[in-house]
Amino acid sequence: MTRGRSLGAALATCLLALAAVWLVDAQTGPVATEGRAQASAPSSQPPGTAEATGSVEPTEPVPGLTPVEYADLPPEAHRTIDLIHAGGPFPHEQDGDVFGNRELLLPTHAYGYYREYTVDTPGSDDRGARRIVAGDGGELFYTDDHYESFRRVRR
């Protein structure tokens with residue numbers, strides 16, 4: 001009888017562990033492979049480029065996001081956007097990784113829709129807090145506070 005209870009407890013523990021893994025996977029999306037998450041249906045063009053969708057880069061406002069003119073971005077952001085449009089090479093290993101939009105501050109899309117890129121901060125010993133997030137639809141977003149807020153880049 002004791003052995004049957006032990007087996008039942010072990011089975012219950014296994015099932016709980018599997019359910020926890022499933023829940024985490026459902027919240028975080030596909031598992032990363034070689035440091036890069038796999039996006040579904042990758043485009044042949046880099047995200048954030050007009051060529052990615054065959055249309056002009058959209059500039060319509062996003063509710064809740066203050067726009068920022070391209071000309072008003074720091075020069076380091078211009079360099080990052082130029083690299084995005086050129087398809088790289090990027091100076092930081094993490095550039096081009098999937099941005100999961102966990103903060104839910106950007107419009108909701110499937111996991112893998114957004115990619116993040118570093119905007120260097122002069123004088124910083126690390127990557128700093130500034131990023132460009134590019135969507136597969138050509139849109140670009142700028143954050144200077146490490147994802148606490150975003151502004152839609154307008155050209």
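Okay, a bit of housekeeping. It's a prediction, so local features need pLDDT of at least 70 and side-chain atom pairs count only at pLDDT 80 or more, while totals for chains, interfaces and linings use all residues. Residues are numbered from 1 along each chain as its sequence is written, and side-chain values use heavy atoms, with hydrogens and water left out.

Let's start with the sheet. It's open, with 6 strands in the order β3-β8-β7-β6-β5-β4 and mixed pairing. Strands here are DSSP E runs of at least two residues, helices are H or I runs of at least four, and both are numbered from the N terminus; two strands pair if DSSP finds at least two bridges between them. At the edges sit β3 (66-69) and β4 (97-99), each pairing on one side only.

Look at β3 now. It runs parallel to β8 (residues 151-154), joined by 4 bridges, and Pro-67 stands opposite Arg-152 in β8.

What lies across β5, β6, β7 and β8? That's helix α2, residues 75-86, in contact by heavy atoms within 4.5 Å. The helix runs at about 30° to β6, using axes fitted to C-alpha atoms, for helices over the stretch in contact, with N-to-C angles from 0 to 180 degrees.

Last, the largest nonpolar core: 13 residues, with Ala-77, Ile-132 and Tyr-142 among those with the most contacts inside it. Such a core is a set of buried Ala, Val, Leu, Ile, Met, Phe, Trp, Tyr and Cys residues joined through side-chain atoms within 4.5 Å, buried being under 20% relative accessible area with a 1.4 Å probe, protein chains only. Helix α2 gives the largest share, 3 residues.

How values were computed
Buried < 20%, exposed > 50% of the residue type's maximum accessible area, 1.4 Å probe, protein only.
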